[in-house]
Amino acid sequence: MAKVGIVGSGLIGKSWAMLFASAGYQVLIYDVDEDQLSRAIESIGTQLDEFEKSGLLRGKLSAKEQLKLIKTSRNLGDVVVNSKHVQECVYEDLSLKQKVFKEICKYCNSDETVLCSSTSCIMPSKLFVGLERVSQCIIAHPCNPPSLCPLTEIVPHPETSQAVRQRTRDLMEEIGQVPVLLNKEIDGFALNRIQYSVINECWRLVQAWYMTTEDVDKVMTAGMGMRYAFIGPFETCHLNAEGTVQYMDKYAEGIKRVSSTFGPTPEYDKDSVAKINQEICQKVPDTREQLEQRRKWRDNGLAELAKLKKQLPE
Ligand code: NAI
């Protein structure tokens with residue numbers, strides 16, 4: 001089976017390694033930090049065992065077989081040479097990523113290799129500027145935690161070749177991710193643009209004293225979020241009337257009227273941050289232990305949801 005290189009063995013690097021191994025790829029991970037590399041392999045082994053026990057292991061291979069496919073290297077060249085795909089997962093720092101991509105391009109020995117970044121918010125035109133292999137460069141931005149939330153945003157540089165766009169999409173599908181392709185780059189890609197529009201309005205409602213943070217969160221968890229796990233905003237419109245045309249006939253004026261009252265982007269000033277933090281801390285105190293406990297609870301819920309979605313016929 002072909003080889004995939006991972007550059008950076010933190011949270012996202014480890015996740016990608018498991019996803020590629022689940023589809024049978026030989027995975028080679030590189031990190032500048034040697035201790036981090038050995039901790040990464042240990043933690044991948046533990047996580048694969050946990051996925052196997054809870055029925056969430058992807059692919060047809062056992063946890064042991066998948067772990068065997070994942071190896072580490074202290075040499076970036078070894079990770080890049082002869083790889084079908086290289087996934088960069090270093091810190092979110094533009095100059096660091098630019099430096100890493102220059103090195104990746106230097107070692108790359110094939111026009112077929114896809115050179116891919118996991119960046120959450122750096123635009124491809126900034127990240128890949130001046131690279132000799134720019135036509136092979138692309139972004140595949142996963143959603144955290146990638147093993148439970150399979151969305152992957154694919155964002156090309158204007159000069160990324162059509163073949164590389166297609167190969168990236170195909171590979172993501174092959175490993176069980178759900179890729180979405182942006183035709184051209186835009187700041188925030190899709191997920192964060194949509195997420196920020198939601199955060200902005202939630203913030204305005206609390207700041208202007210219409211609701212508590214707890215009740216705003218319930219609007220999502222007991223309302224919109226329930227259906228958004230299964231159908232997106234467009235399908236919601238379509239199903240909430242006799243199709244999209246009738247929905248817009250009925251509701252477009254209301255959407256425009258309400259939208260005209262949204263107001264400017266919140267400043268996220270110190271006082272409102274402190275107020276909202278105080279309210280949310282009554283439910284989840286912001287200590288390391290309490291946050292960790294709540295993340296586990298969230299991930300258990302996501303795992304059950306992922307199982308349910310797998311069982312439901314489309
Ligand atoms: P992390 O801090 O967990 O890991 C970064 C790793 O990069 C560390 O192990 C570090 O030793 C290594 N590193 C630093 N310089 C390096 C170099 N020159 N060569 C090789 N390795 C190097 O970071 P995390 O959270 O895994 O994020 C990685 C990327 O993924 C970032 O671009 C981030 O924006 C993106 N991302 C993060 C998500 C998240 O929720 N954490 C979600 C989606 C994308």
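Visitor: Where is the place of Pro-145?
Guide: Pro-145 sits in the loop between S6 and strand S7, which covers 151-156. Keep in mind that this is a predicted model.

Visitor: What kind of peptide bond joins Asn-144 and Pro-145?
Guide: A cis one, with omega at about -5 degrees.

Visitor: OK, over to Asn-82. Is its phi positive or negative?
Guide: Positive: phi of Asn-82 is near 65 degrees, and Asn-82 is a residue other than glycine.

Visitor: And which loop is Asn-82 in?
Guide: Asn-82 is in the loop between helix H4 (76-80) and strand S4 (85-88).

Visitor: Let's switch to the ligand. Which residues around it come nearest?
Guide: There are 24 residues around the ligand, and the nearest are Ile-12, Asp-31, Glu-92, Lys-97 and Ser-120.

Visitor: How far is the polar side-chain atom of Lys-97 from an oxygen atom of the ligand?
Guide: That distance is 2.7 Å. For Ser-120, an N or O atom in the side chain is also 2.7 Å from an oxygen atom of the ligand.

Visitor: What about Val-90, which of its atoms lies 3.4 Å from a ligand oxygen?
Guide: For Val-90 that's a backbone N or O atom.

Visitor: How much of the ligand's accessible area does the protein cover?
Guide: On its own the ligand has 840 Å² of accessible area, and the protein covers 82% of that.

Visitor: Which helices and strands each supply at least two residues of the shell?
Guide: Those are helix H1 (11-22), helix H5 (94-107) and strand S6 (137-142). H5 gives the largest share, with three residues.

Visitor: And how does the shell split by class?
Guide: The shell around the ligand has 11 nonpolar residues, nine polar ones and four charged ones.

Visitor: New topic: H8 and H9. At what angle do their axes cross?
Guide: Roughly 145 degrees, and the axes come within 9 Å. Helix H8 spans residues 191-207, while helix H9 spans residues 213-228.

Visitor: Is that crossing left-handed or right-handed?
Guide: H8 passes H9 in a right-handed crossing.

Visitor: Which residues meet there?
Guide: From H8 you have Val-198, Cys-202, Leu-205 and Val-206, and they meet Thr-213, Val-216 and Met-220 from H9.

Visitor: How do the residues of that contact divide, nonpolar, polar and charged?
Guide: Six of the residues where H8 contacts H9 are nonpolar, one is polar and none is charged.

Notes: Residues numbered from 1 in each chain as written. Predicted model: local features only at pLDDT ≥ 70, side-chain atom pairs only at ≥ 80, totals over all residues. Heavy atoms only, no water. Near = heavy atom within 4 Å. Polar contact = N/O pair within 3.5 Å; in protein donor to acceptor, adjacent residues only side chain to side chain. Areas by Shrake-Rupley, 256 points an atom, 1.4 Å probe, with all protein chains shown as cover. Helix = DSSP H or I, 4+ residues; strand = E, 2+ residues; numbered from the N terminus. Nonpolar A, V, L, I, M, F, W, Y, C, P; charged D, E, K, R; others polar. Axes fitted to C-alpha atoms, helices over the stretch in contact; angles between N-to-C directions. Left-handed = near helix turned anticlockwise from the far one by under 90°. Contact = heavy atoms within 4.5 Å.
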